[in-house]
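Try each task yourself before you read the solution.

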Amino acid sequence: MTQQPFIFPRLICFAFALLTVLGSPAVAGELHGLSAPDRIEGKFIVVLNEDAPSAFGRIRDIGQEEVRELSKTMADEFELRTEWVYGVAAKGFSASMSEEKARRLSKDPRVKYVEVDKLARGSGAQSNPGFALDRIDQQTGTNNSYIYDNDGRGVTAYVIDSGVRVSHSEFAPGTGQHTQRVWPAFTAIDDAYGLNDCAGHGTAVASVIGGVTSGVAKAIPMRSYRVWGCDNQGPVSGIIAAVNEVALHYVDETVPRAGIVNMSLGVASGSMALDEAVQDAIDDELTNGQYPLTFVTSLGNDNSGACSSSPGGTVYDAIGVGATDQADARANFSNFGLCLDVFAPGVNVRAASHLSDTGFSYWSGTSFSAPLVAGAAALYLHVHGHLTSPAQVEQFIENNATTNVVTNPGNWLTPNRFLYSRLN
């Protein structure tokens, strides 16, 4: 069953998201997010003006190391302590400073805007067994099986989450693969756990993307980017750093391959800097002629309009995912509205547990709908990755979806599309 792209409403969604989260276009001198309830005191994200000149050339044209040097220069000038540096995604840096200093910095002609750092959160609560894989490989009902067209090994999944227990049996390599299938690549959290998952969320999400028994793309290689700790939350500045690291690794891949980035997280009050980072990462790969880097995002569990949550509802070129229950009704927690691209099961989703190498758990939330879509996108890219843009991946997910099976989708503006993972 196919459906033409939902282009006009998507454009309305994009405009609404801009008005809701970003307000008017950023100009020098702007300081954003001071009243946000999830702000982190004394922490700020500085996004540079890409049209401004620097000692290394126009900021738009410089790379990671040049941005690092520029951030050092600005830190000396303003007496700052910088933390993360972003040379690909939303060029800039994060730093600790006073509000007064942030205001002065925002007026520097090299600065596009300054945004307060905020807490982003994952979502999901363990519950009873579910049927997600059984449901998505057919357009209606279940049949106690999951049929897949390939195992996704020709694609790389980047999991920006709470880390992954890479030793779990769900991540065993397939025939002909390396002895390891999940690589712990990065952490933004400074604690005793390092690259490891102490929250469980990331291990579960990764297994839904590519677990041997719980995953959609059963042999996909994955890289883990840890952006929050045991309390299931972390600063936006660290998430942007992870997006930047993904983009840097993707450009440096020895063997180019299509990439899927799963972000089962959100900033309820929105983040202009995070949105810009994700969009820049997408645009950078397209500009440099790379294979596609497709972002899949959860839309949140607030039972409200999805267009105000970053990055799921506010990045036009990311695939935003809502959740359904076992009766194909919108889950009573799932966000909805124009900024939703597709629904997928999100109640009682079976996933690997971080507590042992063989254990399983059951989770609910749009956080677990998104990796089902990421896995399905990987199956498509395994076959079509050499000629596919992120927009084409999104169009495939939308056109391939089953239409009008989700009851109570939220409102009449919500696209009624349900994930269908088969390629034929």
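This is a predicted model: local features need pLDDT of at least 70, side-chain atom pairs count only at pLDDT 80 or more; totals for chains, interfaces and linings use all residues.

**Exercise 1.** Find how many disulfides the structure has, and say which cysteines they join.

*Solution.* 
- Step 1: Remember what to look for: a disulfide is a covalent bond between the sulfur atoms of two cysteines.
- Step 2: Search the whole structure, and you get two disulfides.
- Step 3: Pick out the partners. Cysteine 198 is joined to cysteine 230, with 2.1 Å from S to S. Cysteine 307 pairs with cysteine 339, and there the sulfur atoms are 2.0 Å apart.

**Exercise 2.** Work out the handedness of each link and where its cysteines sit.

*Solution.* 
- Step 1: Take the link of cysteine 198 and cysteine 230. The angle about its S-S bond is -105°, and the link is left-handed.
- Step 2: Cysteine 198 is in the loop between β8 (182-187) and α5 (201-210), while cysteine 230 is in the loop between β9 (222-226) and β10 (233-235), so the pair ties together parts 32 residues apart in sequence.
- Step 3: Now do the link of cysteine 307 and cysteine 339. This one has 105° about the S-S bond and is right-handed.
- Step 4: You'll find cysteine 307 in the loop between β12 (293-298) and β13 (319-324), and cysteine 339 in the loop between β13 and β14 (342-345), 32 residues apart.

**Exercise 3.** Classify the ring pair of tyrosine 146 and tyrosine 148, then that of tryptophan 363 and phenylalanine 368.

*Solution.* 
- Step 1: You need two values, since a pair of aromatic rings is described by the distance of the centres and the angle of the planes.
- Step 2: The structure holds six aromatic pairs. In one of them, tyrosine 146 and tyrosine 148 have ring centres 5.3 Å apart and planes at 25°, so this pair is stacked.
- Step 3: For tryptophan 363 and phenylalanine 368, the centres are 5.0 Å apart and the planes are at 35°, so that pair is tilted.
- Step 4: Check the burial as well. Tryptophan 363 is buried at 6% relative accessibility, and phenylalanine 368 is buried at 0%.

Notes. Residues are numbered from 1 along each chain as its sequence is written. Side-chain values use heavy atoms; hydrogens and water are left out. A disulfide is a pair of cysteine sulfur atoms within 2.5 Å. Helices (H or I, at least four residues) and strands (E, at least two) are DSSP runs, numbered from the N terminus. Rings of Phe, Tyr and Trp (its six-membered ring) pair if their centres lie within 6.5 Å; planes under 30 degrees apart count as stacked, over 60 as edge-to-face and the rest as tilted. Buried means under 20% relative accessible area, exposed over 50%, partly exposed in between (1.4 Å probe, protein chains only).
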